Amino acid sequence: MTDQPSITPFPDVVRARRGWLVLDAAWRLGPRPVALMLWHRASLALGQPQRALARADAVEGRFLPRAAPPAPALPPETAGRLLAAAAALPARRDWHGGLDPAAPALRLDLFAAGDIRPVWEASRFADLLLLAQAARLEPAGGHLARAEQWLSDWCAANPAFRGPAWACGQEAALRALSLCLSLALLEADRDPPPAARHLLRLCARRIAATPAYAAAQDNNHSISEPAGAFACALLLGDAPGASRAARKLAAAVARLVAPDGGFAQVSAGYARLALDVLAVAEVLRARHGAPPFAPVLRARAAALTTWLHRLVAPEDGSTPALGVEDGSAFADLGLHGPADARGSVERAARLFAGAGADLPRDAGCAWLGLTCPAARLGRPARWRAAGSMGWAAAGATALLRCGPLRFRPAQSDLLHLTLRDGARIVLRDGGTGAYNPPAPWWPAALAEAGAHNAVVFDESPPMPRLGRFLFACWPRLRALPDGAARRDAAGHRQARRISVQGRVWTVADKIAGDFRAATLRWRLPAGPWRLLPDGATDGHLRLCITADAGLTLALETGWESPAYGEIAACPVLRLRVAAPATRITTEIRLP
């Protein structure tokens with residue numbers, strides 16, 4: 001086993017052609033996000049956001065009501081699990097992660113002291129939501145007093161617009177949404193206590209300070225920040241502000257979610273986060289009797305719900321690794337956790353699609369008073385959405401990462417195929433790892449082309465990486481009736497077609513271009529794998545490989561990220577064909 005990825009990016013080429021590659025990436029991103037990012041940088045250079053966030057009074061006074069309403073009817077095991085989780089909360093979180101809590105937030109280098117993601121998670125106020133629920137379940141348990149002290153401690157440790165908690169507008173938005181939902185659970189959102197109102201005003205100021213940055217991302221920032229601004233305005237009684245934020249939110253959803261449910265971030269985890277944010281915004285809107293969101297928001301949210309439901313395993317709520325994600329489980333009132341998305345889909349399905357999903361007795365929906373409709377979301381045998389397409393047969397499902405590429409890809413995963421048998425992942429993706437990993441080889445081992453189940457030509461990445469979240473030279477993609485095809489900047493071509501007969505899945509890859517050798521890796525589940533003359537088997541699952549030119553097979557050790565911030569070894573079947581090969585066929589025989 002080695003600490004090296006199976007494929008190496010070409011930094012020398014990137015350095016030599018960086019100017020041209022930057023222009024290429026800007027052209028592919030499009031004028032809107034590029035102009036917005038230039039606007040953001042210009043505003044920073046002029047000091048406009050810094051001046052907007054220069055001064056803030058300390059938050060003092062009471063945040064929460066003195067009593068909590070009774071809890072809704074819940075299954076006994078759910079109530080007990082929730083109270084146990086509340087009792088196990090740590091007295092204090094690591095809110096700073098080694099970053100200076102007194103430094104102006106906009107000047108912090110967020111990648112200097114490790115991975116910022118866990119630091120931000122601690123300040124998304126999930127603990128507050130849990131304590132609010134516990135206070136309703138156990139009025140004499142002291143949970144409201146704990147929540148009040150928790151908020152006071154947080155504000156003292158994270159003065160407004162200082163330190164990492166205030167460095168990102170999206171984090172302020174998610175924090176505001178959690179605070180608003182906590183107040184709603186405690187029936188205090190229609191007349192928030194003074195300190196809660198003050199904190200919401202601060203969150204609204206932080207969101208408003210960098211609007212161009214949020215819009216330029218073309219990702220969850222563009223949805224979370226107007227949703228957070230909407231919630232703040234709603235609870236502060238600012239009807240015009242709520243109306244403006246609602247329009248921005250609807251416009252962002254219309255831009256980023258296609259009518260077929262494809263999301264700008266082709267990621268189950270980030271689709272879940274988007275739906276969680278939209279669900280909280282809709283719950284608050286309905287509670288306050290605000291005008292309905294634009295019809296396009298509801299329609300696209302329903303489409304995104306349907307797309308995510310197709311990816312979620314009904315057995316355990318797991319989703320296939322796809323693109324990047326950060327392990328979020330936002331406003332997780334049912335305590336499902338990052339690995340189980342069923343509660344998020346159930347809540348979104350009831351709110352936006354007028355249907356139930358896989359959890360008719362979901363505790364999270366019970367907390368919100370969302371009854372279960374008679375209708376249920378279905379799972380078709382074939383479907384296609386922007387960025388992905390899927391198949392289902394005999395208890396197994398396949399997911400192909402395809403096009404079109406309207407938004408920047410997060411990983412070099414085009415034409416990657418994931419295959420699951422029930423909840424078990426048979427052919428897998430490497431996952432995310434971490435945004436700022438502890439070892440420099442993680443990104444190549446998990447995100448580059450060799451970390452996916454797709455063809456790589458001459459072990460050369462099809463897209464040069466320009467930054468942590470940006471590639472240049474995106475390949476051209478086109479749809480096929482039973483798959484998709486791509487052509488990269490070097491003229492290498494792969495056309496992948498999927499077929500299934502019962503429990504046998506066939507992946508036919510047609511390849512072309514000027515190459516010496518083509519390599520296809522299949523990332524396998526753990527097991528006693530052994531090599532066969534025509535493939536590999538673990539004694540139950542079998543892969544059979546054929547090609548029209550010289551073929552070599554090997555079992556090697558690869559890497560996967562089972563959860564955010566984690567990495568583990570995994571078996572990989574590597575097959576290599578020499579030019580002039582034009583065809584590789586893989587037959588996967590499920591037990």
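Cysteine 402 has 1% relative accessibility and therefore counts as buried, a term that means under 20% relative accessible area with a 1.4 Å probe and protein chains only. Cysteine 232, also at 1% relative accessibility, counts as buried too.

The model is a predicted one, in which local features need pLDDT of at least 70, side-chain atom pairs count only at pLDDT 80 or more, and totals for chains, interfaces and linings use all residues. Residues are numbered from 1 along each chain as its sequence is written, and side-chain values use heavy atoms, without hydrogens and water.

There are zero disulfides in the structure, a disulfide being a pair of cysteine sulfur atoms within 2.5 Å. For cysteine 232, the nearest cysteine sulfur belongs to cysteine 203, 5.5 Å away.

Now to the second largest pocket, with a volume of about 1000 Å³. Here a pocket is an open set of points on a 1 Å grid where a 1.4 Å probe fits, with protein on both sides within 12 Å along at least five of seven lines; lining residues have an atom within 4 Å of a point. The volume is the space filled by probe spheres set on the points. Of its 49 lining residues, Glu325, Gly327, Pro338, Ala339 and Ala563 are the closest to the centre.

H7 gives the largest share, five residues.

Key: Helices (H or I, at least four residues) and strands (E, at least two) are DSSP runs, numbered from the N terminus. Buried means under 20% relative accessible area, exposed over 50%, partly exposed in between (1.4 Å probe, protein chains only).
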